[in-house]
Every structure is written in structure tokens, then in C-alpha cells.
Amino acid sequence: MKNEKKKILFGEFVTGAALTRALEMGPEAVVTEVKASNLRGRGGAGFPTGLKWELTAKQESDEKFVICNADEGEPGTFKDRLLLMEQPEKVLEGMAIAGVAIGAKQGFIYLRGEYVYLKKELEEAISSMEDRGFLGSRINGGDFSFSVEIRLGAGAYVCGEEFALISSMNGYRGEPRNKPPYPSEAGYRDKPTVVNNVETLCYIPYIVTKGAQWFKEHGTRASTGTKLFSVSGDVKHPGVYELELGITVNQLLAEVGGEGAKSVQVGGASGLNVAEKDFDQPICFEGLPPGGSIIVFGHQRDMLHVLKNFMEFFVEESCGQCTPCREGNYRLLEGVRMLEKGECSVRYLKELEALCDVMKDSSKCGLGQTSPNAFLSIVENFKTEILYR
Amino acid sequence: MTAGIRAATDELQDVLRKFGKNRTDLLPILVEINRYFGHIDSNSIIEVSRYTGVPIGEIHGVITFYSFLGQKKRGRFVIRLCRTISCDMAGKDQIVRVLEKELGICFGETTDDGMFSLEYTNCIGMCNNPPAMLINDKAYGGLTPERVVEILDSFKLSEYQDMFGYGGVE
Ligand SMILES: Cc1cc2nc3c(=O)[nH]c(=O)nc-3n(C[C@H](O)[C@H](O)[C@H](O)COP(=O)(O)O)c2cc1C
Ligand code: SF4
Ligand code: FES
């Protein structure tokens, strides 16, 4: 952690205290507290966590599952890696509390293949917590049991999308599908399942012990709490920062030594490119996308080159299931190559922009729905630089 | 059947025995075979199909979906260089040239002695310390030409990194 001000996630933590408290409170009170905190998912989509838990808790089923989404693949993010490396017990305790809330006995960490080196330490953390009675059978000597297993991914960005992730764990190609049913109804092995991001789960122990009211003192009204930002690119101090939601781009740049930037990619490749004129905008669910990936571009950077890198990423990672995403990203990349050669007319660029709208409306999952944002925002911010080379 | 194939089949059975036979065991089985043998050959696919009851065609479909799983033999050490933007801006192209020159192969190829394969990958979550690459299970950040040469030499001199062990971050 770069910033000295310890806010929530890197504050004091005693393993097991929150789980003990959650068991005393009981499932309903836990769900109520998490709902009251207004915590929203930190994996990108921002779904209210308490509501997700409530929907899953309500399902009647002999088995339910908790999945920790550790597929962290968005270009520019590495905060989940840091949490898993430095705070594995916090992640595991968050999962166990989710288990209490929804009535699950089994949890999984879906760990991206690129992070396989974390597997051993995570397994050690699991057995250490089992030895101390915080995981495994009859936790705290009571009736509640919860165990955790690790499942490895194998190099596919789209598997971070929750339906794709479940499909991958179920032994199929990791392809997204249409909803409903939602994972809360039919997830892992078709049983009710909660999927939460690593960081989301890490706030849970604090909300349980310190209360929703305390949590809401951080952030804005619609975006409560803090957020981990993974900062990279042209900055003096790259790294992970815990900052208040609602922070402006300017404030963030001052914190990380990124003053004088040409533009900032907020929310990763699938987020938005933000130019200097908009640096006073806040990053939160009601503002710029709070995915947490912050890539800073200095004035020497060629923004068309940046855009090309992003489009190559999407072409490669599209699962190819639906035409707007498979063909659309390819066409956008082709457009970038034409722009590079100075062969793209203003009229054709307009056509590509219209194609972006089609992709947003008709792609099946978040990948195809958000990939045009990189294209649209960079083209809008740097039209002259890009068109007249 | 030659002794070699029989031995490989025995090893495969040892790997399979560690897993259940449900559809949900399929990905963990394939990941483990890929780690153990470096790839998943057609004999393995037949055995996995027998073991789990999943049709061969579907197993193919799953393998081709994931970039880390492959049916083609890769080198003993697979080098995956990140080509995403933060690494790109930090001088990835220079690292590309060093790797290709030192190993005498291009990206997408394997050295004749079967030691190294060169591949690209997308962001590996090391963007705070770019450029970065994975070699099998280990991540290396802050790459410079000198450091790349040092790392390659350490692999050539001693095979200190067991292919089946778990790496770390350097
Ligand atoms: C293409 C794509 C990739 C995603 N990758 C991740 C990821 O790596 N990690 C993650 O937590 N969520 C990812 N998500 C979001 C998940 O679908 C899901 O919303 C999230 O895991 C839910 O957890 P949360 O509510 O705690 O955020 C991705 C979504 C899409 C569309
Ligand atoms: S939008 Fe793209 S990644 Fe998502 S399902 Fe369609 S083709 Fe696959
Ligand atoms: S961009 Fe290379 S590790 Fe993230």
C-alpha cells in the first residue's frame, strides 16, 4: 500500500472476530447489515451486494455455493492480487460470512491461471484457518461448516464474467449466456450461487464488526465506502491505493504523482478515456466507472497506438459467440489500422461510431457492451490527433 | 505399445486418480494434465473422455477455449510476455527483441532443444512493475534487457525452477 492513511481494507483486522459476530447475528441480520451499508460489487458491474445475498438466501435448495471471483483480467488492475497475497484470511473470512448469510457450506476461489503462484499460499491460509477453527466443519464448535477450494482458470479474460466463470467451473467452455436465470437461481452445478469479487468480500468483515453506519461515512451517498485503485502508466508512484469513492481524477493524480497527464484511462480497457478537460469528474458509480484500473498517459503518448492496443485486446479476448462483438471489435481494430495509415475518411469513422452503438445494444455480455467505450472516448478526445496524422 | 507410451499412460492414470469423475472435474483435470505434461495430447483426451464420460469433441471444445491449454507440445519453459498497454508503454518491444535474439526464435516458436517457447499474453496483473512476463508459474516484473539475459541464463545453467512446483513473483 502506497498511501499512509489506512482507511478500511488495510486497517486493523483480527481473523475470526467478524465470523464469530456473524454467527451470533444470524443470516437475516447479516444480510440486513450488508444491505444497509449500500456496498456495491467491486468487480465492475456494481450490483448491490446485500441484495444479491438476499436473493440467494431466499432460494430453497439442498446446496448453495459462494464463489470468490479472482479472475482479475481487466488491463491495468492488480489490486485483487495484492489482497490475495497480503490478506488471504480476510478474503476467506468474507467468503465464510457470505456462507452464513446465504446458507452455503462450500466456497470456491476461481483463481486466474496467471496467478497460479498464489495457489500454495492460499491453500496454506485455508488449512491454517481450519486448524484454528475458522473454516472447516463445525466452526466455533457450532453447527455451521464452511470449506473453501481453489479452482484455476486457464487464460481467458471473459471467464471473469460471472456466467462464463460458472460455465467454466461447470466443465464447459467459459462462455457467457443470456440471463435469467441468474447465478442466485442456477449457478455452480445449477445450484443457487453467489459470485463476488475479491475486494467486495474484503469489506464484509468490517461491515459486520463496525456496522453499516460506519461504512457509509466513507464515499458518496450512492457509492459508499472506499475503493482500491490500481495505478499504472506514466506516474511517479504506481501501485495500489485505497481512496474514497467520489474522488476526482485530479485529486487521484495528485495522490499518485501523475500531474500533467494527457489523459487517463479510468476503469481499464473497458472503461473510459478521460481527457484533461474532464479531470474534475468524480470516480464513483454515479460518475466515471469505478472499476479501479487507472492507466495514466503522459503527453508523449500516441493515443492511436493506445487505442490499437486496447482493440487488439478485445479482438483476442472476445469469446466469439455473438456477431456484434466478434465482428464489431474486428472492424474497429481494422478502422484503427486505417487511421494509422491515414486512410480512414471522416465518413467511415462515423460509420464505425454507429457500429459502436450497435455493439453496445446487442452484445450478449459486458465485454462486447463496453469495448466500444475505449474506441468512442479516445476518438472523441483526440479526434484531430487521430484523424489528421 | 512401447515402454515410453506405457509409462506416460501410467503417469496419466496417476494424475486422473486424484480427481472425481464429474463434469465439474473436467477443467481441473485438463489444467493438471497440461501442467504435468506441458500439453494435452490425443491419447490424454481419449483417457479423460473414458474417465469422465465427457465426449471427445466436447473436451476438444473446452481445450481450444483456453489460451493456457494446448494440444501442441510446448517448450519445457513457456515464456509469456505481457503485451498490454502498461507493459507496452514501459518498453515491451525492446524485451521482445532481446528474447528473440537470445533464444534464436520468434514469438510463437519453440527452441530446437525443446527448452523454451515464446508467447504473448494479455495483462498479467503486474502493471505496477512493467514490463512483465510469466515463465511457467512465476511472474517477473521490471524487465530490462540485462535482467532478461540473467533470467534466461539462470534457466540454462540450472533447472532450478521445477516445472511442477509453484513459482512466485520476482
Ligand atoms: C468481460 C468481463 C470480465 C469480468 N471480469 C471480472 C473479474 O476479473 N473479476 C471480477 O470480480 N468481476 C469481473 N467481472 C464482473 C462479474 O461479471 C461480476 O459482476 C462480479 O464478479 C460480481 O461480483 P461483485 O458484485 O462483488 O462485483 C467481469 C465482467 C465482464 C463482463
Ligand atoms: S459480447 Fe463478446 S465476449 Fe460476450 S458473449 Fe458476446 S462474443 Fe462473447
Ligand atoms: S499491462 Fe502488463 S501486466 Fe498489466
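Q: In this predicted model, is Arg138(A) buried, partly exposed or exposed?
A: Arg138(A) lies in the loop between helix H6 (119-131) and strand E3 (147-152) of chain A. Its phi is positive, about 50°, although Arg138(A) is not a glycine. Buried means under 20% relative accessible area and exposed means over 50%. With a relative accessible area of 49%, Arg138(A) is therefore partly exposed.

Q: What is the relative accessible area of Asn38(A)?
A: Asn38(A) is found in the loop between helix H2 (27-37) and helix H3 (49-58) of chain A. This residue is not a glycine, yet has a positive phi of about 60°. Asn38(A) is partly exposed, and its relative accessible area is 35%.

Q: How far is the polar side-chain atom of Asn196(A) from an oxygen atom of ligand 1?
A: A polar contact needs a pair of N or O atoms within 3.5 Å. The side chain of Asn196(A) meets this cut-off, with a polar atom from a ligand 1 oxygen at 2.9 Å.

Q: Which residue has a backbone N or O atom 3.4 Å from an oxygen atom of ligand 1?
A: Asn69(A) uses its side chain instead: an N or O atom there is 2.9 Å from an oxygen atom of ligand 1. The backbone atom at 3.4 Å belongs to Val195(A).

Q: What share of the accessible area of ligand 1 does the protein cover?
A: Ligand 1 sits in the largest pocket. On its own, ligand 1 has 610 Å² of accessible area. The protein covers 90%.

Q: Where does ligand 2 sit?
A: Ligand 2 is surrounded by 13 residues. The closest are Cys319(A), Gln321(A), Cys322(A), Cys325(A) and Cys365(A). As for its site, ligand 2 sits in the second largest cavity.

Q: How many charged residues are in the shell around ligand 2?
A: The shell around ligand 2 holds 7 nonpolar and 5 polar residues. The charged count is 1.

Q: What is omega for the cis peptide bond that joins Lys179(A) and Pro180(A)?
A: Pro180(A) is found in the loop between helix H7 (162-169) and E4 of chain A. The bond from Lys179(A) to Pro180(A) is cis, and omega is about -5°.

Q: In which loop of chain B is Pro131(B) found?
A: The peptide bond from Pro130(B) to Pro131(B) is cis, with omega near -10°. Pro131(B) is in the loop between strand E2 (116-121) and strand E3 (133-135).

Q: What percentage of the residues of chain B count as buried?
A: Chain B has 7 helices and 4 strands. From the N terminus on, its elements run α-α-α-α-β-α-α-β-β-β-α. Of its 170 residues, the buried share is 54%.

How values were computed: Residues numbered from 1 in each chain as written. Chains lettered and ligands numbered in written order. Predicted model: local features only at pLDDT ≥ 70, side-chain atom pairs only at ≥ 80, totals over all residues. Heavy atoms only, no water. Polar contact = N/O pair within 3.5 Å; in protein donor to acceptor, adjacent residues only side chain to side chain. Areas by Shrake-Rupley, 256 points an atom, 1.4 Å probe, with all protein chains shown as cover. 1 Å grid on protein atoms, 1.4 Å probe; cavity = no way out; pocket = protein on both sides within 12 Å on 5 of 7 lines; lining within 4 Å. Sits in = over half its atoms within 2 Å of the grid points. Helix = DSSP H or I, 4+ residues; strand = E, 2+ residues; numbered from the N terminus. Buried < 20%, exposed > 50% of the residue type's maximum accessible area, 1.4 Å probe, protein only. Near = heavy atom within 4 Å. Nonpolar A, V, L, I, M, F, W, Y, C, P; charged D, E, K, R; others polar.
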